[in-house]
Amino acid sequence: MASHRRPKQPSRARVTVLTVTAAAAVALTAQSAQAAPSEKPTKDEVKSKVDKLYQEAEKATEKYNGAKEKQEKLDKEIDTLQDKVARGQDDVNELRSGLGSLASAQYRSGGIDPALQLFLSSDPDTYLDKASTLEQLSGQQVESLREIQEKQRSLGQQRQEASDKLKDLAETRTELGGKKKEVQGKLAEAQRLLNTLTAAEKAALAEEEQRATRNSERAALKAADETPKSDSGKSKSGGQSAGSQGGSEAPVSGRASSAYAAAQSKVGVPYVYGASGPSSFDCSGLTSWSFAQVNQSIPRTSQAQANIGTRINSQSDLQVGDLVFFYSDLHHVGFYAGNGQVLHAPRTGANVRYESINNMPYMFGVRV
């Protein structure tokens with residue numbers, strides 16, 4: 001009889017190896033399929049994304065500046081209130097001490113006035129409401145008690161106001177920390193994208209920016225050199241000069257013109273978020289510092305600075321030294337520099353420089 005044998009089954013170890021090999025092949029195929037469409041972003045794509053992140057960082061920076069300004073204001077107000085409370089308490093203690101001396105004298109001479117005795121042992125606010133009590137006090141005692149009562153009420157109000165401001169200060173500090181983290185996060189993401197570029201690509205971007213800056217600076221300074229001045233300092237033509245892309249090349253008068261000159265002295269100084277000079281600036285830090293150099297105080301944030309002077313809607317009406325505001329939320333500000341250029345602190349990684357007014361969405365100008 002022929003023998004019938006069952007075919008030999010593959011070992012478990014062999015099945016496992018085959019399974020793992022097949023799975024690895026599938027995984028590699030899937031990874032290759034996913035990696036195929038993914039390409040390294042171009043230099044221009046990286047620049048576009050980085051510019052957007054810098055804009056978002058600057059929005060957060062102006063909110064950070066606002067919170068910081070509020071914190072500094074609250075710190076001063078709280079110090080003033082606490083000083084008032086301390087001095088007021090000293091006054092109350094002194095008045096109480098005087099009444100205590102009067103009580104001692106009365107005791108030595110035969111006993112303490114019942115009204116004074118009651119005051120020294122309890123709150124006078126309730127006691128003074130009783131008319132019969134006043135009849136037992138001398139005029140001087142009544143006046144002293146009323147003065148203490150009024151000072152105590154004032155102290156109570158000041159303590160409550162200080163408490164409210166301390167609570168507001170705690171909330172402001174929390175907001176300040178949140179905005180700082182937001183700014184740093186945006187800047188870190190921008191740097192991560194920039195690090196994907198080659199050295200040659202980074203150099204090309206830097207050269208493009210430097211070339212644009214040189215062109216803008218030449219345009220602004222050329223307009224200033226060629227502007228004929230009348231006795232009033234205005235352009236004799238009274239209008240836009242030949243080749244101008246913006247407003248008049250005539251400078252504004254007074255402190256605004258001097259503030260602009262102060263800003264010009266800071267060309268080349270680096271942008272640092274939250275900085276207000278003299279060795280680094282953000283956009284509103286540069287403008288507020290410049291006006292401070294001519295003894296004129298203006299608000300710290302770009303949004304607040306937009307409300308401090310005469311609004312100029314048309315670019316054709318701008319004069320050199322006017323403040324100019326950009327983006328719908330007004331998170332960027334600079335000085336109009338003439339010939340369609342602005343002087344400003346642009347963003348992280350850049351220095352104070354001249355730039356075309358058309359590089360950003362212009363909203364309006366303000367003549368301080």
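In the predicted model, buried residues account for 38% of the 368 residues in the protein. The secondary structure consists of ten helices and six strands. Among contacts with a separation of 6 or more, 67% join residues 24 or more positions apart.

The largest nonpolar core contains 57 residues. Within this core, the residues that touch the most other members are V324, F325, F326, F335, L343 and I357. The most is contributed by helix α2, which spans residues 43-108 and supplies eight residues. Another core lies apart from the largest one and has five residues, including V85, V92, L95 and L155. In general terms, nonpolar side chains of soluble globular proteins tend to be buried together.

With neighbours within four places in sequence left aside, the contacts of P361 are F325, F326 and Y327. The C-alpha atoms of P361 and Y327 are 5.3 Å apart, although 34 residues separate the two along the chain.

Y327 itself is located in the loop between β2 and β3. The relative accessible area of Y327 is 14%, so this residue is buried. Its phi is near 70°, which is a positive value in a residue other than glycine. The loop between β2 (323-326) and β3 (332-338) also holds D329. D329 counts as partly exposed because its relative accessibility is 30%. K59 and D329 are 270 residues apart along the chain, and their C-alpha atoms are separated by 8.3 Å.

A pair of helices, α8 and α9, was considered next. Helix α8 comprises residues 255-264 and helix α9 residues 283-292; their axes come within 8 Å and cross at roughly 120°. At this angle α8 is oblique to α9, because the roughly perpendicular class ends at 115 degrees and the roughly antiparallel class applies over 145. The crossing of the two helices is right-handed. On the α8 side the contact is made by R255, A256, A259, A262 and A263, and on the α9 side by L286, W289, S290 and F291. By residue class, the contact of α8 with α9 has seven nonpolar residues, one polar and one charged.

Helix α9 is mostly covered, with nine of its ten residues buried. The buried residues of α9 are C283, S284, G285, L286, T287, S288, W289, S290 and F291.

In the loop between α8 and α9 lies P278. G277 and P278 are joined by a cis peptide bond, with omega about 0°. In the loop between α9 and α10 (302-305) lies N295, a residue other than glycine that has a positive phi, near 60°. N295 has a relative accessible area of 68% and is therefore exposed. Y327, whose phi is also positive, is by contrast buried, at 14%.

A further position was examined in helix α6, which covers residues 139-194 and includes E171. E171 is partly exposed, because its relative accessibility is 47%. Between the C-alpha atoms of E171 and A67 the separation is 9.7 Å, and the two residues are 104 residues apart along the chain.

Definitions and conventions:
Residues are numbered from 1 along each chain as its sequence is written. This is a predicted model: local features need pLDDT of at least 70, side-chain atom pairs count only at pLDDT 80 or more; totals for chains, interfaces and linings use all residues. Side-chain values use heavy atoms; hydrogens and water are left out. Axes are lines fitted to C-alpha atoms, for helices over the stretch in contact, and angles run from 0 to 180 degrees between N-to-C directions. Helices (H or I, at least four residues) and strands (E, at least two) are DSSP runs, numbered from the N terminus. Angles under 35 degrees count as roughly parallel, over 145 as roughly antiparallel, 65 to 115 as roughly perpendicular and the rest as oblique. A crossing is left-handed if the near helix is turned anticlockwise from the far one by less than a right angle, and right-handed if clockwise. Contact means heavy atoms within 4.5 Å. Ala, Val, Leu, Ile, Met, Phe, Trp, Tyr, Cys and Pro count as nonpolar, Asp, Glu, Lys and Arg as charged, and the others, Gly among them, as polar. A nonpolar core is a set of buried Ala, Val, Leu, Ile, Met, Phe, Trp, Tyr and Cys residues joined through side-chain atoms within 4.5 Å. Buried means under 20% relative accessible area, exposed over 50%, partly exposed in between (1.4 Å probe, protein chains only).
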